[in-house]
Amino acid sequence: MGDTLWLEPEKLSEVKDILSSGDPEIRVVSGGTALSLIMKQGMFDPNKIVSLKKLQSELRYITSDKAGNVRIGSMTTLRDLEVDALIKEKAPVLSEALTHVANPRIRYVASIGGNLSHGDAHLDMPPILMAMGAEVKIESAKGDRWLDLKEFFKGYYETAIEPDEILTEIMIPKQAEGIVGTYIKYTTLSNDDWPTVGVAAFLKKTDGIAGDSRIVISAATDIPTQLFDVQHIIDGNQLDKTTIQKAAEKAFEVAEPLEDLRGSVWYKKEMVKVHVRKALEQLAKE
Amino acid sequence: MKKQVNFILNGKSVSAEVAPHETLLDLLRNDFGLGGAKETCGLGLCGVCTIIVSGVPVSGCLHFASSIDGEEILTIEGMETEEGLHPVQEAFLNNKAFQCGYCTPGMILMAKKLLEENANPSVEEIKDYMAGNICRCASYGQIIEAINEASKLLQQEKAGLNA
Ligand SMILES: Cc1cc2nc3c(=O)[nH]c(=O)nc-3n(C[C@H](O)[C@H](O)[C@H](O)COP(=O)(O)OP(=O)(O)OC[C@H]3O[C@@H](n4cnc5c(N)ncnc54)[C@H](O)[C@@H]3O)c2cc1C
Ligand code: FES
Ligand code: FES
């Protein structure tokens with residue numbers, strides 16, 4: 001311990017050069033709210049830390065492109081997103097959820113790139129962004145690639161980012177006309193705790209008939225999980241009591257939660273059911 | 001490997017040698033003898049370690065000391081100026097917004113930033129913003145009153161300056 005070298009490159013290209021050796025002992029740091037905790041607990045001791053602090057002019061932005069998609073630089077803080085007018089307009093579910101993430105002190109520092117790259121199952125941004133069809137840009141000295149967030153989370157604290165890569169941008173596609181969405185964060189410890197179960201639900205309503213639904217559960221499971229079987233029940237049907245009940249039962253059946261201090265497997269399955277139902281009831285009213 | 005960081009601490013230029021695992025909180029307590037911010041939960045939850053880094057309150061217990069090169073650091077010890085206590089400090093005293101005082105430095109720094117962003121917050125807004133600062137003595141009622149008074153004091157001060 002203690003041999004770690006702290007680097008503060010001033011350009012993205014320099015970061016990519018440093019990472020190009022592919023050494024897994026080199027770690028990128030954005031806000032540091034997650035990495036500092038892991039290092040303090042002695043769980044990880046990288047030999048180099050590459051701070052992105054000086055890349056704010058390159059990687060801290062929120063814009064929309066010509067097609068109406070929202071583009072967010074990976075160093076954008078959770079607080080930037082929470083108060084941003086464009087996000088409030090294009091992704092209000094995200095702004096609202098952010099008011100319940102940790103506390104303002106953490107949100108001022110934690111970045112959206114760090115939130116996704118951390119790969120922790122108990123985070124609130126991944127299910128919402130996944131349900132909205134977000135994609136991420138991953139860059140390395142070898143080139144850039146885009147990945148659908150659905151393919152990004154690989155396991156407990158595991159993502160598709162390779163050691164020589166860095167996440168640089170998040171793209172939220174323009175949501176079609178008539179799409180409604182919600183996110184329910186259910187906590188069992190304190191109000192601002194990490195979620196026990198998170199349910200993000202987006203769908204399109206046409207004359208009361210639901211379609212194009214995207215139901216993603218998180219926190220209970222090791223990675224944010226889209227419930228396709230539940231979506232099949234919803235799509236093409238009236239969002240009435242029967243459909244909602246069937247969808248919730250299906251969610252109970254297909255969810256594969258992990259037991260932890262926030263609840264047993266059975267309890268979390270029940271909570272998935274309850275909150276899928278609540279999310280759909282909310283959307284039925286909109 | 002230690003890294004040299006140069007920064008402004010409560011208005012003065014200083015430098016220090018920091019280890020990669022070192023937190024800003026440990027640096028300020030151990031190398032600079034500033035005891036106002038304290039490690040309590042060590043997890044970012046309680047706010048007792050609040051420190052302002054270039055205008056933004058952070059949890060000192062989760063902030064890499066190596067990252068503060070070139071930043072301006074403000075701790076509770078730097079709040080008092082030659083003109084006296086900061087209005088937020090005055091308001092906490094006037095309202096007896098503490099019992100043991102353990103959480104107070106963090107509360108004051110957090111409230112300072114709140115009032116910079118929102119000069120006249122509602123009680124709900126105060127509660128939301130201060131939710132990550134815990135007071136074991138549960139002086140919450142008085143803390144909210146103090147922030148309300150500080151809001152008035154700061155607005156008066158501003159009006160006075162503009163007059
Ligand atoms: C007390 C507390 C409560 C919290 N509660 C919640 C909550 O309820 N919901 C929620 O969603 N979040 C919550 N968070 C925030 C979350 O847990 C993370 O701490 C935060 O989002 C990480 O962001 P960061 O920028 O600080 O990441 P860092 O600590 O800088 O990095 C985290 C990981 O991502 C990697 N990384 C960072 N940036 C990049 C990049 N651009 N490319 C590739 N890899 C990168 C790092 O190497 C590291 O492995 C909470 C945090 C705290 C401290
Ligand atoms: S000690 Fe840092 S937030 Fe509790
Ligand atoms: S006054 Fe004692 S902890 Fe707040």
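The questions and answers below concern a predicted model with chains A and B.

Reader: Is Y156(A) buried, partly exposed or exposed?
Author: Y156(A) is found in the loop between β8 (153–155) and β9 (158–159) of chain A. Buried means under 20% relative accessible area and exposed means over 50%. The relative accessibility of Y156(A) is 45%, so the residue counts as partly exposed.

Reader: What is the accessible area of the nonpolar surface patch that includes Y156(A)?
Author: Y156(A) forms this patch together with Y157(A) and L258(A). The accessible area of the three together is about 300 Å².

Reader: How far apart are the end C-alpha atoms of helix α5 of chain B?
Author: Helix α5 covers residues 140–162 of chain B, which is 23 residues. The expected span is 1.5 Å times one less than the number of residues. That gives 33 Å, and the separation in the model agrees, because the end C-alpha atoms are also 33 Å apart.

Reader: Which helices do the buried residues of α5(B) pack against?
Author: The buried residues of α5(B) are I143(B), I144(B), A146(B), I147(B), A150(B) and S151(B). An α-helix has 3.6 residues a turn, so residues three or four places apart point the same way. The buried residues pack against α2 (87–94), α3 (104–117) and α4 (123–129) of chain B.

Reader: How many residues does each domain of chain B give to the contact between domain 1 and domain 2?
Author: Chain B is divided into domain 1 (3–78) and domain 2 (87–162). Their C-alpha centres lie 22 Å apart. The contact takes 16 residues from domain 1 of chain B and, from domain 2 of chain B, 14 residues.

How values were computed: Residues numbered from 1 in each chain as written. Chains lettered and ligands numbered in written order. Predicted model: local features only at pLDDT ≥ 70, side-chain atom pairs only at ≥ 80, totals over all residues. Heavy atoms only, no water. Patch = residues over 30% accessible without salt bridge, like charges linked within 9 Å, V, L, I, M, F, W, Y side chains within 5 Å. Areas by Shrake-Rupley, 256 points an atom, 1.4 Å probe, with all protein chains shown as cover. Salt bridge = Lys/Arg side-chain N within 4 Å of Asp/Glu carboxyl O. Helix = DSSP H or I, 4+ residues; strand = E, 2+ residues; numbered from the N terminus. Buried < 20%, exposed > 50% of the residue type's maximum accessible area, 1.4 Å probe, protein only. Contact = heavy atoms within 4.5 Å. Domains from an automatic or database assignment.
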